[in-house]
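Student: I would like to go through this model feature by feature. Please give the cut-offs as we go.

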Amino acid sequence: QVESATQTLISCLGVLKQLIRFCDATIGETHVLTDVLTAVWPVLKDISTNSNCRRNEDVLSRLFDVHSQLLNAVPTLIGPHFKDIISFIVQAYEETFCASALDYVSAAVESFDSEQIVVAAGLDEQGKSALFTQLLSHIYQRTFAYVQTKGPSECTQVIKAFFEVTQRYLLFCSEALCQCPELPSLFSLGTACLTECQGEIDSTRSALVFLTQFIGWKSIHLPATKVRVLRNYSSTIDNLLLQHGETITKSCIGGISGGAPQILWPSLSECLFAIMLHIISESPSGEPNAVLESWLRSAMTDNSLLNNSQNITSEIGTSTIQILCDLARQGLKSKPKAKMVMIDFGKIAKGETTPEALQAYL
């Protein structure tokens, strides 16, 4: 009976999610979901406090989906309840480490980019920033402890969802991200996940997207207010890159030369190019500096990275570095060609094409 009731509840929550999704309209000044929300709110609260429901990941996942949909559809109605909801989400995450809880956090970060819901939640911009900084700090601490205990390759869905959260922070709540005291450790975790997830596609790609956009923040389209925040913290970003840049560079080149699935090559190429573009754009001469060149040479001559392939000679490594640096000097417009270079580099490593493929870029 319990199993049957649980499956019925899961189905009902799925129907409710779709109902909310397709009822985005108002009649006069009243949203069509106002009466629905009044009717279902006590039920949602009962589900969130029921011990059987909190132990069932499928129920929790559907419940989080409903709350995410409500947040998107009726933010002003949900705003007054947000602090209670986020407390429940965090507690449920600590109990189950259900990745769907982090999906709700991602939705919340994006929704709170709107002043409308900030006001509805009884916050101002300073209060919002403080709340979301504390939220990220707490979630990171719990996630890091969990990943340390289980091992990154055993909790890839959590890692994927977590770095989707950090990417939303970068785009929609950059001040909270930059103010987070765990930012250095968070960045370090992202760096480690490039190899420690052992090529699992979704988690590795999620970490890559965050690192690429965080390092290359000048190249993504952001509102002026977010750009000002990131510019104020540019020295923090530069220091993190200085500490981890060589490791990320090696992970990208090692992955493309055979250490990662081919489907990840475009993401690895984008991350590597973001590093190069950032450093060259910061250089007074617009040239690769000694640090960048040493990272690239170190990666191209690291036998532990290139042992997967006997096809990458020192000449191929040198040519690839030269081509990439020339493209990076040309700026963001050359990114598509740089990705093509790295794809060909990967194919040379696999023996799928000859080194002559690089001649087209010289």
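Tutor: Start with a term: a salt bridge is a side-chain nitrogen of Lys or Arg within 4 Å of a carboxyl oxygen of Asp or Glu. The model is predicted, so local features need pLDDT of at least 70 and side-chain atom pairs count only at pLDDT 80 or more, while totals for chains, interfaces and linings use all residues. Residues are numbered from 1 along each chain as its sequence is written, and side-chain values use heavy atoms, with hydrogens and water left out.

Student: How many salt bridges does a search of the whole structure find?
Tutor: Side chains of opposite charge can pair when their charged atoms come close. Apply the 4 Å rule to nitrogen and oxygen. Searching the whole structure then gives 15 salt bridges.

Student: Arginine 142 and glutamate 94 meet in a salt bridge; how many residues apart in sequence are the parts they tie together?
Tutor: The N to O distance in this bridge is 3.3 Å. Helices here are DSSP runs (H or I, at least four residues) and strands are E runs of at least two, numbered from the N terminus. Arginine 142 lies in helix H9 and glutamate 94 in helix H6, so the parts tied together are separated by 48 residues.

Student: Is arginine 142 buried, partly exposed or exposed?
Tutor: Buried means under 20% relative accessible area, exposed over 50%, and partly exposed in between (1.4 Å probe, protein chains only). Glutamate 94 has 30% and is partly exposed. Arginine 142 has 33% relative accessibility, so its class is partly exposed.

Student: Which helix holds both arginine 329 and aspartate 326?
Tutor: Their side chains form a salt bridge at 2.4 Å, N to O. Arginine 329 is partly exposed at 37%, and aspartate 326 is partly exposed at 33%. The two are three residues apart, about one turn of the helix, and that helix is H19 (residues 314–329).

Student: How far apart are the closest N and O atoms of lysine 350 and glutamate 352?
Tutor: Both partners are partly exposed: lysine 350 at 45% relative accessibility, glutamate 352 at 46%. They form a salt bridge, and the closest N and O atoms are separated by 3.2 Å.

Student: Which residues are linked in a network of salt bridges?
Tutor: Here bridges join up, under the salt-bridge rule already given. The network links Glu246, Lys250 and Asp302.

Student: Now the rings. Why is the pair of phenylalanine 132 and tyrosine 169 given the class it has?
Tutor: Rings of Phe, Tyr and Trp (its six-membered ring) pair if their centres lie within 6.5 Å; planes under 30 degrees apart count as stacked, over 60 as edge-to-face and the rest as tilted. By this rule there are 13 aromatic pairs. The centres of phenylalanine 132 and tyrosine 169 are 6.3 Å apart and the planes lie at 70°, so the class is edge-to-face.

Student: Which helices does the pair of phenylalanine 163 and phenylalanine 210 tie together?
Tutor: This pair is tilted, with 6.0 Å centre to centre and 35° between the planes. Both residues are buried. The parts are 47 residues apart in sequence, because phenylalanine 163 and phenylalanine 210 lie in helices H10 and H13.

Student: Which residues do ring pairs link into a cluster?
Tutor: Phe163 and Phe210 belong to the cluster.

Student: Is phenylalanine 97 buried or exposed?
Tutor: Phenylalanine 97 sits in the loop between helix H6 (82–96) and helix H7 (99–111). Its phi is positive, about 50°, although it is not a glycine. With a relative accessible area of 17%, phenylalanine 97 is buried.

Student: And glutamine 198, buried or exposed?
Tutor: Glutamine 198 also has a positive phi without being a glycine, about 55°. Its place is the loop between helix H12 (183–196) and H13. At 64% relative accessibility, glutamine 198 is exposed.
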